[in-house]
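Dear colleague,

Please find below the structure I am handing over to you.

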Amino acid sequence: MCGIVGYIGKANAASVLIGGLKRLEYRGYDSAGLALLDGDNVRVSKAAGKVANLSERARTDWTPELFQNAATGIAHTRWATHGPPTEVNAHPHLDETGGIALVHNGIIENYRALRSRLETKGHHFLSETDTEVLAHLIGDCNKGDLFQAVCDALHQVEGTFGIAVISAKEPGKIITARRGSPIVIGVGNSEAIIASDASAILAHTQRVIYLDDNDIAIVTADAVDIRDLNNVPVTREIAELGLDSAAAEKGGFEHFMLKEIHEQPESLANAIRGRLDLQLGSSVLAGMGTSQRELADLSRVVMVGCGTSLHAAMVGEYAFEDLADIHAEVQQAAEFRYRNPILGNRDFVIAISQSGETADTLAAVREAKQKGAFVMSLVNVVGSTIARETGRGVYLHAGPEISVASTKAFTSQVSVLLMMALKLGRGRRFSRDEGLKLAREIESIPELVRRVIEKNDTIAEIAARYVDNEHAFFIGRGPMFPVALEGALKLKEISYIHAEGYHAAELKHGPIALLQKGTPVIAVACEGPAKDKTLGNIEECRARGARILGIVTEGDHDAEEVMDDFIAIPRAHPLVATIPATVALQLFSYHVAHLRGCEIDQPRNLAKSVTVE
Ligand code: F6R
């Protein structure tokens with residue numbers, strides 16, 4: 001979603017800020033802007049569209065000297081919420097005097113009331129945004145101390161924010177604060193870089209401070225002074241990012257998505273490494289922070305997430321019930337807190353999120369904690385808000401996922417859920433031998449995925465036959481049902497083909513009316529208890545002229561026979577097979593989108609980390 005970068009150092013702020021914005025491009029945005037301190041003035045440059053437009057625009061708006069010499073500035077990529085993605089709505093926004101500039105992620109929910117109050121005091125607004133209202137409010141509160149003005153303004157605000165503020169009257173400092181929208185401060189040598197996401201910081205320093213909700217910091221080139229909104233000092237540790245800046249590069253692939261799909265044998269090995277206990281036939285997930293005794297006492301697993309993470313949770317639901325004999329359910333994070341969920345202290349709530357910042361998933365975590373459940377997270381981004389607020393959990397170790405469409409995070413999520421189910425299952429019903437058998441299957445996941453990736457060229461050829469369709473259906477049963485949902489999501493988000501995922505049996509309860517000659521039906525029909533029934537459902541589609549692409553198990557000629565095209569994946573336990581089956585669909589979607597000339601890594605209207613409700 002929106003991205004923030006702030007820089008304070010000796011010079012060259014403009015280049016650092018533009019470089020930082022480029023690193024945040026993957027999050028999805030539709031306009032960008034930049035403000036620099038220049039003596040008694042704040043200079044602003046903005047552009048609709050890409051950061052490249054902004055870079056060009058700033059070079060015409062500003063002198064080369066300003067470009068090179070300015071030492072303090074803030075910058076933003078905006079994903080429109082209030083008002084269209086125009087230059088005037090782009091951040092930074094200025095206060096009434098023009099001397100204070102603000103960039104903001106999040107939503108000021110009471111901005112209408114604040115705006116009319118300020119208008120009666122003579123403020124004039126140029127944009128339709130909630131952010132401009134906050135900039136004016138800070139200006140209105142300013143009695144000569146920017147830090148205090150920001151505190152006073154934030155006390156009046158309802159909603160979420162991650163902000164960075166500069167003032168021409170107080171050069172040499174940036175004020176930054178957060179509530180519900182992440183802020184990370186990179187601490188360098190006589191320079192500091194503020195960002196909403198560590199990827200903008202990587203190239204400068206590995207030493208970072210994560211702000212907590214309601215923290216506000218005064219950042220200078222040499223110090224970071226953090227307080228709460230009542231001006232009481234708080235201590236936040238400096239952490240090491242431990243990320244390699246090369247991990248955020250394309251490494252020879254045309255798109256981040258393709259790179260990330262290809263990284264999966266390695267990212268899965270990282271997710272699994274050291275976590276299987278081949279002596280006891282179980283798994284070792286120390287981050288869960290629960291003893292076998294506590295796990296044995298649990299009555300229910302509840303998983304929450306959004307989008308692709310929700311689909312991973314749905315695979316997990318099958319795994320927990322099937323392998324661990326425990327009641328499991330999935331709830332949409334967006335709905336969780338509003339339905340007043342019934343939870344107790346024997347419920348185990350698992351929040352699943354790649355970014356660890358998704359607003360709805362975070363709110364679900366807070367609700368589950370209120371209700372006294374065991375809460376843990378399954379998150380990729382180390383130090384993210386969900387990881388910190390749950391305090392216990394399992395990191396995915398998938399490395400930075402830059403492409404907006406999630407790929408390697410999903411497969412790591414499913415493999416960790418399988419290891420959790422194994423651990424619970426071992427405590428409840430599995431013998432050592434049964435546990436060991438499953439552990440060996442999980443251990444083989446990276447190799448299974450490598451074998452699917454080897455079929456990349458064949459999958460690209462098959463994809464070419466589906467490029468001209470505007471609609472597609474994905475079907476599956478059992479654990480392959482969420483795989484079908486995930487396949488449909490991947491195809492629609494990057495190729496803009498209208499794709500629907502259904503339980504294979506559900507198609508005939510309505511959607512089958514849409515099938516015509518040649519309508520693609522992508523059927524996940526791998527070996528497993530549900531396969532024969534899925535083949536029956538495929539026949540129903542064929543009888544109505546659909547073109548069938550099947551994901552089948554290698555050597556399953558019965559299945560191949562009912563397909564127009566098929567991608568064969570290696571034989572595996574039906575739950576484990578969800579992972580290679582998904583990888584096949586990721587590659588299929590990628591190639592369809594590529595052949596349609598789509599902007600794969602940053603699909604229209606989408607954001608990488610959804611920090612608003
Ligand atoms: C789809 C996709 C999204 C995310 C969703 C949740 O490819 O990436 O559906 O899965 O926005 O994001 P996280 O996992 O960061 O909570």
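The notes below cover a sheet, a pair of helices and one lysine.

This is a predicted model, in which local features need pLDDT of at least 70 and side-chain atom pairs count only at pLDDT 80 or more, while totals for chains, interfaces and linings use all residues. Residues are numbered from 1 along each chain as its sequence is written, and side-chain values use heavy atoms, leaving out hydrogens and water.

Helices (H or I, at least four residues) and strands (E, at least two) are DSSP runs, numbered from the N terminus. Six strands form an open sheet in the order β5-β6-β7-β8-β12-β13, with antiparallel pairing; two strands pair if DSSP finds at least two bridges between them. At the edges lie β5 (93–94) and β13 (224–228), each pairing on one side only. Five bridges join β12 (residues 215–219) to β13 in the antiparallel sense, and D225 in β13 is the bridge partner of I218.

Helices α14 (residues 408–428) and α15 (residues 432–443) have axes that come within 10 Å and cross at roughly 175 degrees. Axes are lines fitted to C-alpha atoms, for helices over the stretch in contact, with angles from 0 to 180 degrees between N-to-C directions. The two helices, α14 and α15, are therefore roughly antiparallel, a term for angles over 145 degrees.

K531 belongs to helix α19 (residues 531–542). At 8% relative accessibility, K531 counts as buried, meaning under 20% relative accessible area (1.4 Å probe, protein chains only).

Yours sincerely

Notes: Buried means under 20% relative accessible area, exposed over 50%, partly exposed in between (1.4 Å probe, protein chains only). Angles under 35 degrees count as roughly parallel, over 145 as roughly antiparallel, 65 to 115 as roughly perpendicular and the rest as oblique.
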